[in-house]
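I opened this notebook to keep track of what I looked up, in the order I looked it up.

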Amino acid sequence: MDKREIILQMDSQEYDALRRALLAYDTDPRAEMQKRLDACYQELVPAQERKQIADSIHKASALNTDVHQDIAIFRVVEDGACRCFWMDDPSVDAMEIAKHLQHYLSDGKKGGFASLFERRTPIPEQKYIDHVMDALCDYEETTSVFHVDLDRGTFSLLDPENGWWSYPLLAAANSAHLVPEDMDVGREQRNAYFRQVLDGKRIDTDERCLLLCGDRSLRVSDFEIKEYTNTENGIATFELDLCTDMETVFGSRIAKDEDSYAVVYASYDISKGTVLGNLDIGLLRDIGSEYFVYPIDTELADAVKRKMDDYCMEEYEMDLADWAAQEQGLPSQFREYLT
């Protein structure tokens, strides 16, 4: 379902006061604004038009539900272009894709890899990301998700319980001849057999993590420092408290139900005096938690550092540099080396 973001502005002191007041009613400004927006819609939009819109949304929702039934979702990166699509074909699995890769690479890459899937239905990249998060949050999800990056030479398939399994592209393509032609089992079993064939060739990659991108980038006003977590190997970690919804910024229903929730961390390199260029995001579940990274630019990293400094002043009555020196067991006169 397509949604529009409405941005409201308020003085930060007024906002903080309002948020504290609403805590007594177990609510927050965002929830209250949503209630008032819904009430305004009910009051001003004619009932007949509201019914037509509701029917349209219901039909779209039904179509979206149908898309989830035993399909394969692809993200293919080639020559700098990204193509996302889905296929309603139970024969399309990791082994079948490996065969396509083998033929495509041996034939000199004619026509683009995505073109080999003639019955494909294009989808926006955001829809692909939503399917990834749906699969991670719902073990009964029947969608198979693949990420084929020909530019970087990686092939990845998603296992909802164990995360992504990534392999060198050539290793995946060369494994095609090892798969029995008459293997009459379901898609899930065939994907498992594919991983077994490539045992020992799995690679670590965070390419999937960079798929976290929403309708807009994270802003300075979207977060505060919630608490200091720990220091390990010279890296101090702080948990962030987000003042906006995650779907808007990260483009995924990353904390969609009571069985899963997300935490966001920023890290500070004490020896260099800089904030690391990625935020770490954990989608925490009872079984099989998944972890992602979200890249931030230098300007936002500097803003995070300033908020860390404010946090240290409030919590420890010392600035970030002195606090970091104390964490490392260094005398505070060494602070100039940490700033």
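**Entry: the whole chain.** I began with burial: of the 339 residues of the protein, 42% count as buried, where buried means under 20% relative accessible area, exposed over 50%, and partly exposed in between (1.4 Å probe, protein chains only). I noted that this is a predicted model, in which local features need pLDDT of at least 70, side-chain atom pairs count only at pLDDT 80 or more, and totals for chains, interfaces and linings use all residues. Residues are numbered from 1 along each chain as its sequence is written, and side-chain values use heavy atoms, with hydrogens and water left out.

I then looked up the secondary structure, which comes to 10 helices and 12 strands; helices (H or I, at least four residues) and strands (E, at least two) are DSSP runs, numbered from the N terminus. The accessible surface of the protein is about 19600 Å², and 47% of that belongs to carbon and sulfur atoms; such areas come from the Shrake-Rupley method with a 1.4 Å probe, and for residues only the protein chains shown count as cover. For contacts (heavy atoms within 4.5 Å), I took the pairs at least 6 apart in sequence and found that 60% join residues at least 24 apart.

Entry: I looked for salt bridges, meaning a side-chain nitrogen of Lys or Arg within 4 Å of a carboxyl oxygen of Asp or Glu, and the whole structure has 5. Lys35 forms one with Glu32, the closest N and O atoms being 3.2 Å apart. Glu32 also meets Arg36 in a salt bridge, at 2.9 Å from N to O. Why can both partners reach Glu32? Lys35 and Glu32 are 3 residues apart in helix H2, so about one helical turn separates them. Glu32 and Arg36 are 4 residues apart in helix H2, which again means about one helical turn. Glu32 itself is buried, at 13% relative accessible area.

Met33 is in helix H2 too (residues 29-44), and is partly exposed at 38%.

Entry: Lys226 and Glu239 meet in a salt bridge at 3.7 Å, N to O. Lys226 is partly exposed at 47%, whereas Glu239 counts as buried at 10%.

**Entry: two loop residues.** Asp79 sits in the loop between strand S1 (72-78) and strand S2 (81-87) and is exposed at 72%. Phi of Asn233 is also near 55 degrees; Asn233 lies in the loop between strand S7 (223-232) and strand S8 (235-242) and is exposed at 75%.

**Entry: buried places.** Ser175 lies in the loop between helix H6 (169-174) and helix H7 (187-197), and counts as buried at 3%. A polar atom of the Ser175 side chain lies 2.6 Å from the backbone oxygen of Ala172. Leaving out residues up to four places away in sequence, Ser175 touches Ala98, Phe194, Val197 and Leu198.

Last, I checked helix H10 (residues 320-327), where 6 of the 8 residues are buried, among them Asp322 and Trp323.

Definitions and conventions. A polar contact is a pair of N or O atoms within 3.5 Å; within protein, one must be able to donate a hydrogen and the other to accept it, and residues adjacent in sequence count only if both atoms are side-chain atoms.
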